[in-house]
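Please open the structure in your viewer and keep the selection tool at hand. The stops below say what to select and what is there.

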Amino acid sequence: MLAELVWIPTDTLPLDGVYYTPVDGPVRGGVLLMHGNTMNFYTGAPRFLPPYLTSLGYACLAYNRRGHDILSIRDSREPEGAAFQTATEGLADNDYAAGFLAERGLSAPIVIGHSNGGMLAVQFATAHPETRALVLLSAHGGGLDTVRLGCRAGHLAQDRLDEMVAEAERLVATGQGRTLMLFPGWWYVLSAESFLDRLRNTPDTLTTAPRITCPSLYIRGDQEDPEVYPAEEFARRAAAPCTVVILDRCDHFYRGCEDAVAHTVVKWLRETLGA
């Protein structure tokens, strides 16, 4: 495959990514690869899937949302990254990325999202009914329970949720919404306004499922919590057919299971969209 570093403008910071294309043969369609929370285009599924997808003839865009990694800088010492992300920004970033593909004649992409990227992918597919197919890799359930469930699993505020919500509200009320707060669990650092946004504005994957009109594949590892990553319930609610695959001896990051994930995705795409 060929790989081109790309830069996608937004209304603020640009999105960085890689555009992968097949070496031989025509391009049969485009794929958007949406990374997980605090990850990026060069780790996880956006890194290991493109060789498989380009072998099928698909062009793939793996890209950073503005909420990538935890903290980063670009061309100054001004911080950026997932510590400052909002749901609205993440949704907009996926639209910017889709625009990149549309400019190349690939206006009805396959959408593949991991974890938080999967939650956002569900919203994208609903807003873009032309989406050809949706692949959810351990997409979390989102909604108003997402922070509570994360804390229960040892992430974010852990057993200090009420205390940290109160502090975030105080900072936002006094005009200090971008102040960084330290959390006892992953992902450890968040701005006050980003924390409250995640608590109150994260889209709900299951509520959105009845509006999904394209075929979907939902993969989950057997070491993951079904309540947090609700594959079966999503399939039950989705308006279009959804295939659920639970992989053995597999964690949230698919360590050691990358080939199994890739072959599952390739097999499903061939069966769903043709060889």
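**Before starting**

This is a predicted model, in which local features need pLDDT of at least 70 and side-chain atom pairs count only at pLDDT 80 or more, while totals for chains, interfaces and linings use all residues. Residues are numbered from 1 along each chain as its sequence is written, and side-chain values use heavy atoms, with hydrogens and water left out.

Helices (H or I, at least four residues) and strands (E, at least two) are DSSP runs, numbered from the N terminus.

**Stop 1: helix H10**

Select residues 258-273, which form helix H10. This helix has 16 residues and reaches 22 Å from its first C-alpha to its last, close to the 22 Å expected at 1.5 Å a residue. The expected span is 1.5 Å times one less than the number of residues.

Now colour the buried residues of H10: Val 261, Ala 262, Thr 264, Val 265, Val 266, Trp 268 and Leu 269. Buried means under 20% relative accessible area, exposed means over 50%, and partly exposed lies in between (1.4 Å probe, protein chains only).

What do the buried residues of H10 pack against? Their partners are helices H1 (45-48) and H2 (50-55), together with strands E5 (110-114), E6 (133-137), E9 (216-221) and E10 (242-247). Contact means heavy atoms within 4.5 Å. Just after H10, select Gly 274, which takes a positive phi of about 100 degrees.

**Stop 2: Val 135**

Select Val 135 in strand E6. Val 135 counts as buried, at 0% relative accessibility. Leaving out residues up to four places away in sequence, Val 135 touches Val 111, Ile 112, Gly 113, Leu 217, Val 265 and Trp 268. Draw a distance from the C-alpha of Val 135 to that of Leu 269: these atoms are separated by 9.3 Å, although the two residues are 134 residues apart along the chain.

**Stop 3: aromatic rings and charges**

A pair of aromatic rings is described by the distance of the centres and the angle of the planes. Rings of Phe, Tyr and Trp (its six-membered ring) pair if their centres lie within 6.5 Å; planes under 30 degrees apart count as stacked, over 60 as edge-to-face and the rest as tilted. By this rule the count comes to five aromatic pairs.

Select Tyr 19 and Phe 100, whose ring centres are 5.3 Å apart with planes at 80 degrees, so this pair is edge-to-face. Tyr 19 belongs to strand E2 (residues 15-21) and Phe 100 to helix H3 (residues 87-102), so the pair ties together parts that are 81 residues apart in sequence. Both Tyr 19 and Phe 100 are buried.

Go next to Trp 186 and Trp 187: their ring centres are 5.2 Å apart and their planes at 65 degrees, so this pair is edge-to-face. Trp 186 counts as partly exposed at 27% relative accessibility, whereas Trp 187 is buried at 1%.

Then select Phe 84 and Arg 178: the charged end of Arg 178 sits over the ring of Phe 84, 4.1 Å from its centre. A charge sits over a ring if NZ of Lys or CZ of Arg is within 6 Å of the ring centre and within 35 degrees of the ring normal.

**Stop 4: the largest pocket**

On a 1 Å grid over the protein atoms alone, a cavity is a set of points where a 1.4 Å probe fits but cannot get out, and a pocket is an open set with protein on both sides within 12 Å along at least five of seven lines; lining residues have an atom within 4 Å of a point. Grid points are joined across faces, edges and corners, and a volume is the space filled by probe spheres set on the points.

The largest pocket has a volume of about 390 Å³. Of its 22 lining residues, select those closest to its centre: His 155, Trp 186, Val 228, Tyr 229 and His 252.

**Stop 5: the largest cavity**

The largest cavity has a volume of about 160 Å³. Among its 17 lining residues, Gln 85, Thr 86, Ala 87, Asn 116 and Arg 198 lie nearest its centre. H3 gives the most to this lining, with four residues.

End on helix H4 (116-127), where eleven of the twelve residues are buried.
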